[in-house]
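Please look at the structure first.

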Amino acid sequence: MNDEWFSKLKEFDSLTNMKTRHLAQMDEQKKRLDVLNLKRQEKEESINHALKAIHELQQNYHETEKKLITCEQQSSRLRDSGASEEKLGNYIKEAEKLESEMFVQLEKIEALEVEIEESKTFLIGLNKTFEEIGYEAQNEIGIHQNEIVQLEKRLELILNTLPLDFKNALEKTLKKKLAIGPFTRTDQSHCYFCRYKISRTEESEIDVQKILKFCPQCSRIFLPYGC
Ligand SMILES: [Zn+2]
């Protein structure tokens, strides 16, 4: 009789593995979308930074321009009042300095504008890729989600079909969330997973009499041979 329940446990195990694979594939699709999203965010942020920098540069440019106008007005006033060449020279130097500052600011603004245009072109391409991959990925995610829902229904069904001792054993072991699943087998008088030594009698109870038993060390359920 236990044969049937052990084969249900085995079915439970393979369905769980299938579910795990679907979850992993779903995660992979999500990661693909995340990578694209991250790239998009980075580009959008760099555009915003560039825009902010342009704004600051433009403000600086206007302030420098004001200084230049004042400087030129003062120098022309001085020239009109017949000031010395030396005094005028200082103003001319100052005006040249301000002009070259403005030139540098303009160059920076232009470079940033080119950068923004490039980022925008990149974003257009990225959004196109995003549309294509996004559609494909969402579709795949949906397929895996459906599969997972179906598998969960079947897992639930198996769990509710099992007699109480098997059901309790399975639930108790599942709660421990053991790596590589809740089941093990005997392997030359050892637990296949953790190598815990078991007696010949226990081995025969598991494999011949097909009695439900746990590994005392790793607490996995023993599946008998042939099940
Ligand atoms: Zn073990």
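**Reading the model**

Q: What kind of model is this, and into which domains is the protein divided?

A: It is a predicted model. The protein is split into domain 1 (14–162) and domain 2 (163–227).

Q: How do I read the relation between two helices, for example α1 and α2?

A: Helix α2 covers residues 85–161, and its axis comes within 5 Å of the axis of α1, with a crossing of roughly 165°. Angles over 145 degrees count as roughly antiparallel, so that α1 and α2 are roughly antiparallel to each other. Their crossing is left-handed.

Q: Which residues touch the most other members of the largest nonpolar core?

A: The general idea is that in soluble globular proteins, nonpolar side chains tend to be buried together. Here the largest nonpolar core has 15 residues, and those touching the most other members are Leu9, Phe166, Ile221, Phe222 and Leu223. Two or more core residues come from each of α1, α3 (164–175) and β2 (221–222). The most come from α1, which gives 4 residues.

Q: What does Phe166 touch, leaving out residues up to four places away in sequence?

A: A contact is judged by the distance between C-beta atoms, which has to be within 7 Å. On that basis Phe166 touches Trp5, Leu9 and Leu212.

Q: Which residues have a positive phi although they are not glycines?

A: Lys177 and Ser219 are two cases. For Lys177 phi is about 45°, and its place is the loop between α3 and β1 (183–184). For Ser219 phi is about 60°, and its place is the loop between α4 (200–207) and β2.

Q: How exposed are Lys177 and Ser219?

A: The C-beta count is used again. Lys177 has 8 other C-beta atoms within 10 Å, so Lys177 is exposed. Ser219 has 15 C-beta neighbours inside 10 Å and therefore counts as partly exposed.

How values were computed
Residues are numbered from 1 along each chain as its sequence is written. This is a predicted model: local features need pLDDT of at least 70, side-chain atom pairs count only at pLDDT 80 or more; totals for chains, interfaces and linings use all residues. Domain bounds come from an automatic or database domain assignment. A nonpolar core is a set of buried Ala, Val, Leu, Ile, Met, Phe, Trp, Tyr and Cys residues joined through C-beta atoms within 7 Å. A residue is buried if 20 or more other C-beta atoms lie within 10 Å of its own, exposed if 12 or fewer, and partly exposed in between; C-beta atoms are placed from the backbone. Two residues are in contact if their C-beta atoms, placed from the backbone, lie within 7 Å. Axes are lines fitted to C-alpha atoms, for helices over the stretch in contact, and angles run from 0 to 180 degrees between N-to-C directions. Angles under 35 degrees count as roughly parallel, over 145 as roughly antiparallel, 65 to 115 as roughly perpendicular and the rest as oblique. A crossing is left-handed if the near helix is turned anticlockwise from the far one by less than a right angle, and right-handed if clockwise.
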